[in-house]
Amino acid sequence: MNPNVRAAILSCHSQFHYAQQAMKLKVQDYLLKDTFDPSELHDLLRQFKASLDEERLTDRQREQLRRMLDKNREKMKEAFIRSAIHQPIPHPEAWLQELKSFGLRTDDAVFLPVLAHVDRMQQAWKRFLTEDVLRYAIHNVIDEITSGRPEVVHFSYSARRSIFVFAFERSLKINPHDEAAACVREVLHHLRRSLKLSMSFIIGERCAAPRELQKELADLLGGQRFYLEEGAVVKKQPPTYAGIELFRYYDRAKEEFRNTLLDRRADVLPAVVRRWIGYIRDNPRPPEAIKDWVLKLALDLKLKVHAMQYFQTTQAEEACTGKSSRSTPCQSWKAGWSRT
């Protein structure tokens, strides 16, 4: 059960065939009780310990070497997939051979790419401290599932994003999308169970040639991820945006958030946030427009909060000195808001 165990036999029997049988069972020594000296046992245990320590050191060195090789291999794979997306493919056959070297079947195959995003990336960084540790943890879980499966290979594109490339024989009567979805759901299950991490997956279209796969990978890196729920497994879809102009509703959102902050209603604020997120999800706009809208809202609210603190301080000073060069506190607040 444990190939690293060390064993010695203490016996009253001096027959050679007993000792011979012990050696066949990988016993390290055979000591006779009638001539036994306790110092022999001490020496034997010291030998066992030295041998085990040497094995542990060798195992650690072997593990370090394996990790170094894995890390270099992952860097090669990342460089390959980035080049495949952002650089021309002058020799498709050579490109397929390189893809095959990573363990993916490429002979008479159709390809199906999948893009994966880590959900709640900021929280993941806080838990794993460094990008390398996060990458290594994710790689280990995914490699455990995909290792030895010639129909899929995993590439790390960045700490946040990963790419799966599936290959299916053209003649097989299966649904590639269903097969890929089942695989990534298994990955999602193990990431949640082992690392308490979630990922979202976007499954692309089937591709018959390297240049088709290149285009499909580039399309997957678009903005669809912005509107996905955590842990989603969906097909790639062309973006469809609502015809509304989001800034038409800017003043309404600013007023609602401002009043909530002024009233110090911390219990109400999450509901307000969810309501506006739901509105944006129901009326999608390009991600860049949403980010500009939210950034402007956050900056405006920050300025108003700072202004509120200033007027509170001014009123406190007037109360202490008994002097008032301003009107009532309510009027001062209103004047401050109008100026900001």
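**Helices in contact, and a pocket**

Helices α5 and α6 pass each other in a right-handed crossing, where a crossing counts as right-handed if the near helix is turned clockwise from the far one by less than a right angle, and left-handed if anticlockwise. The model is a predicted one, in which local features need pLDDT of at least 70 and side-chain atom pairs count only at pLDDT 80 or more, while totals for chains, interfaces and linings use all residues. Residues are numbered from 1 along each chain as its sequence is written, and side-chain values use heavy atoms, with hydrogens and water left out. The names of the elements come from DSSP runs, numbered from the N terminus, with helices (H or I) of at least four residues and strands (E) of at least two.

Two packed helices are described by the angle between their axes and the distance between the axes. These axes are lines fitted to C-alpha atoms, for helices over the stretch in contact, and the angles run from 0 to 180 degrees between N-to-C directions. For α5 (residues 131-146) and α6 (residues 176-195), the axes come within 10 Å and cross at roughly 135°. α5 is therefore oblique to α6, since angles under 35 degrees count as roughly parallel, over 145 as roughly antiparallel, 65 to 115 as roughly perpendicular and the rest as oblique. In this contact (heavy atoms within 4.5 Å), α5 brings Ala137, Ile138, Val141, Ile142 and Ile145, and α6 brings Glu186, Val187, His190, Leu191, Ser194 and Leu195. By class these are eight nonpolar, two polar and one charged residues, where Ala, Val, Leu, Ile, Met, Phe, Trp, Tyr, Cys and Pro count as nonpolar, Asp, Glu, Lys and Arg as charged, and the others, Gly among them, as polar.

A second pair is formed by α8 (residues 250-262) and α9 (residues 269-282), which pack at about 170° with their axes 10 Å apart, so that α8 is roughly antiparallel to α9. Their crossing is left-handed. Here Arg252, Ala253, Glu256, Phe257 and Thr260 of α8 meet Leu269, Val272, Val273, Arg275 and Trp276 of α9, a set of six nonpolar, one polar and three charged residues.

Pro92, Trp95 and Leu96 of α3 touch Pro210, Arg211 and Leu213 of α7.

Where does the largest share of the lining of the largest pocket come from? That share, six residues, belongs to α10.
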